[in-house]
Amino acid sequence: MAIIINELSRTFGEFLLLPNLTTKDCVVENVDLSAPIVRFKKGVEPSLKLNIPFSSAIMQSVSDNNMAVALAKNGGISFIYCSQPIESQAEMIRKVKKYKAGFVISDSNLTPEHTLADVLELKERTGHSTMAITEDGSPTGKLLGIVTGRDYRITRDPLDKKVKDFMTPDNSLIVGKEGITLSEANDIIWKHKLNSLPIVDEDFNLVYLVFRKDYSEDKDNPNSLLDNQKRYVVGAGINSRDYKERVPALVEAGADILCIDSSEGFSEWQYDTIQWIKQEYNGKVKVGAGNVVERDGFKYLAGAGADFVKVGIGGGSICITREQKGIGRGQASAILDVAAARNEYFEKTGEYVPICSDGGIVLDYHITLALAMGADFVMLGRYFAGFDESPTNKIKHGNGYVKEYWGEGSNRARNWARYDLGGQANLQFEEGVDSYVPYAGKLDDGLRTTLYKIKSTMCNCGTKSIKELQENSRLTIVSSTSLTEGGAHDVILKNQ
């Protein structure tokens with residue numbers, strides 16, 4: 001007969017944190033939210049850490065290159081979605097890595113014979129307002145001019161106007177010579193009040209562009225998650241079907257870490273995928289796996305070599321796996337069980353394997369609960385989908401705005417590989433829905449508020465780091481009536 005686990009399957013909404021003594025040095029400014037994202041040995045620093053314990057979900061409606069840049073600026077990481085052709089996913093990775101490299105290879109280039117219509121089409125496609133005009137339209141051709149938004153007026157200039165008739169020509173450009181340092185380039189930019197500085201070789205062929213925004217972003221975003229070349233860190237989702245072709249392309253494009261994207265990861269397919277990556281790259285390429293909801297699944301993937309393990313099945317707001325298949329577990333119970341297994345694995349092997357809480361988070365304080373219960377970082381879909389930086393449309397709805405949000409298991413995404421059990425290469429039934437989420441504005445603003453809440457709560461718990469929170473927090477199970485008591489009640493609210 002089936003094994004029955006009598007413990008209730010609990011969600012984050014069934015728990016509250018109890019306050020501990022808040023010492024005088026336990027203030028928001030002193031709270032450290034950094035977290036490991038890859039396995040490491042006892043006494044050794046992990047090779048990759050997050051500055052904030054946030055990652056965005058591996059979803060078409062959440063994680064593209066724009067979200068990856070926005071989140072990395074704040075210290076977190078995005079995993080670019082894999083339900084797309086290999087080359088287009090690799091291109092998104094390249095865009096993130098090139099976004100803030102100091103010396104940027106120009107990828108918005110035209111010839112003098114192109115038209116204003118071509119300029120506007122290129123700007124719409126790339127989002128870049130600065131375009132290098134080269135003899136052959138290549139990123140390394142002879143530089144003939146630069147076009148920015150100040151060189152034309154859409155309301156007055158005809159669309160068939162030639163670029164050569166409104167570009168800033170080469171003899172009017174201030175340029176840097178190849179071999180110049182980034183510091184010297186920035187000095188020229190500031191001295192001449194430029195937005196960008198072309199770097200050319202001795203034959204005036206374009207080599208790089210240096211942008212003023214890269215300097216200011218360094219100052220404005222001190223918590224940015226950067227690699228050893230001061231480029232933004234970015235992750236990439238993979239599946240257990242085409243990994244032998246996809247992984248090399250993503251690694252070549254610059255992906256810092258991979259994650260197998262699956263609704264259920266306790267499988268031999270994930271074991272084989274992890275093993276191939278570890279053997280092919282001799283452990284240099286890091287890869288997370290999942291999802292699991294109990295200790296056996298964690299131990300299996302950790303034993304396979306996973307660098308982190310993702311926890312959660314059916315808890316996402318657009319996920320209907322539990323409804324369709326009857327498989328899953330309340331997210332709080334899943335995290336507590338897997339965290340205990342992670343700690344046992346650490347004691348036994350001396351290797352710490354971080355765990356990621358994926359799904360089940362509705363309110364900001366649920367993130368703090370997930371961390372207190374043992375998660376090292378969280379993966380969020382609905383939360384990030386509402387921001388300007390997500391790749392979906394903003395739509396007028398009633399008196400406000402919403403953004404589109406759909407699951408990878410929906411007919412819209414058609415991500416059959418995420419739910420693959422080795423059969424036909426198609427989606428037999430839906431495990432996700434197509435929906436809307438409230439529009440949330442700019443990511444910087446919303447995330448700043450959420451982080452402040454988390455830090456404030458940690459101070460109430462007398463803790464200044466995630467490790468301290470995990471070791472010292474106290475949790476209590478709440479009743480349905482105490483949930484009602486916790487919100488506004490027995491009053492008439494204004495403006496309702």
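**Close-up views of a predicted model**

**View 1. The hairpin of S21 and S22.** Strands S21 and S22 form a hairpin with two residues between them. In the turn, Gly 398 has a positive phi of about 65°. Strands here are DSSP runs (E, at least two residues), as helices are (H or I, at least four), numbered from the N terminus. S21 covers residues 394-397 and runs antiparallel to S22, joined by four bridges. Pairing requires at least two DSSP bridges between two strands. Lys 394 stands opposite Lys 403 in S22.

This is a predicted model: local features need pLDDT of at least 70, side-chain atom pairs count only at pLDDT 80 or more, and totals for chains, interfaces and linings use all residues. Residues are numbered from 1 along each chain as its sequence is written, and side-chain values use heavy atoms, with hydrogens and water left out.

**View 2. S22 and its partner S23.** Five bridges join S22 to the antiparallel strand S23 (residues 434-438). Lys 403 stands opposite Val 437 in S23. S22 spans residues 400-406 and is largely enclosed by the rest of the structure, because five of its seven residues are buried (under 20% relative accessible area, 1.4 Å probe, protein chains only; exposed is over 50%, partly exposed in between).

**View 3. The largest nonpolar core.** This core has 101 residues. A nonpolar core joins buried Ala, Val, Leu, Ile, Met, Phe, Trp, Tyr and Cys residues through side-chain atoms within 4.5 Å. Among the members that touch the most others are Ile 37, Phe 54 and Ile 277. Helix H10 (residues 331-349) gives the largest share, seven residues.

**View 4. A second core.** Twelve residues form this separate core, including Val 147, Tyr 152, Val 163 and Phe 166.
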